[in-house]
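Here are my notes on the model you sent over. I've kept them to a few numbered points, starting with the overall layout and then turning to one helix pair.

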Amino acid sequence: MLTLRDNGFDHLLIQTNCLEAVTRLNAPSAGSDVNALIRAIVRMRNTGWVTIVRWIPRVENKLADAMAKLDATYDLALFAAAPMPLLP
């Protein structure tokens, strides 16, 4: 599987509309969180990635919200620009 690192990316800005996820991922104790997914993300962040996890309200990022709702016509992909059907 092609990864972001394979494309030369090592700085990630991760935006989510889930404030609880941001709080837990940015907590000093995130590495020992009860949630296995939080711990796995922390391990990934500790392997040389430069990451920022930021909360953004859904209404302020309509394009990302629309992309998250895309149907199965798109596989895991790196988009250089938003898919045409989502642009105004």
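This is a predicted model: local features need pLDDT of at least 70, side-chain atom pairs count only at pLDDT 80 or more; totals for chains, interfaces and linings use all residues.

1. First, the parts list. Going along the sequence, the order reads β-α-α-β-α.

2. Next, the chain as a whole. It has 88 residues, and 18% of them count as buried. The exposed surface comes to about 6,700 Å², with carbon and sulfur atoms supplying 61% of that area.

3. How far apart in sequence are the residues that touch? Taking contacts between residues at least 6 apart in sequence, 56% join residues at least 24 apart.

4. Now the helix pair. H1 covers residues 19–26 and H2 covers residues 36–45; their axes come within 10 Å and cross at roughly 55 degrees. As for handedness, H1 passes H2 in a right-handed crossing.

5. Which residues make the contact between these two helices? On the H1 side they are Arg-24, Leu-25 and Asn-26, and on the H2 side they are Ile-38, Ile-41, Val-42 and Arg-45. Sorted by type, the residues of this contact split into four nonpolar, one polar and two charged. If you have the structure open, Arg-24 in H1 and Arg-45 in H2 are both in this set.

Technical notes. Residues are numbered from 1 along each chain as its sequence is written. Side-chain values use heavy atoms; hydrogens and water are left out. Axes are lines fitted to C-alpha atoms, for helices over the stretch in contact, and angles run from 0 to 180 degrees between N-to-C directions. Helices (H or I, at least four residues) and strands (E, at least two) are DSSP runs, numbered from the N terminus. A crossing is left-handed if the near helix is turned anticlockwise from the far one by less than a right angle, and right-handed if clockwise. Contact means heavy atoms within 4.5 Å. Ala, Val, Leu, Ile, Met, Phe, Trp, Tyr, Cys and Pro count as nonpolar, Asp, Glu, Lys and Arg as charged, and the others, Gly among them, as polar. Buried means under 20% relative accessible area, exposed over 50%, partly exposed in between (1.4 Å probe, protein chains only). Accessible areas come from the Shrake-Rupley method with a 1.4 Å probe; for residues, only the protein chains shown count as cover.
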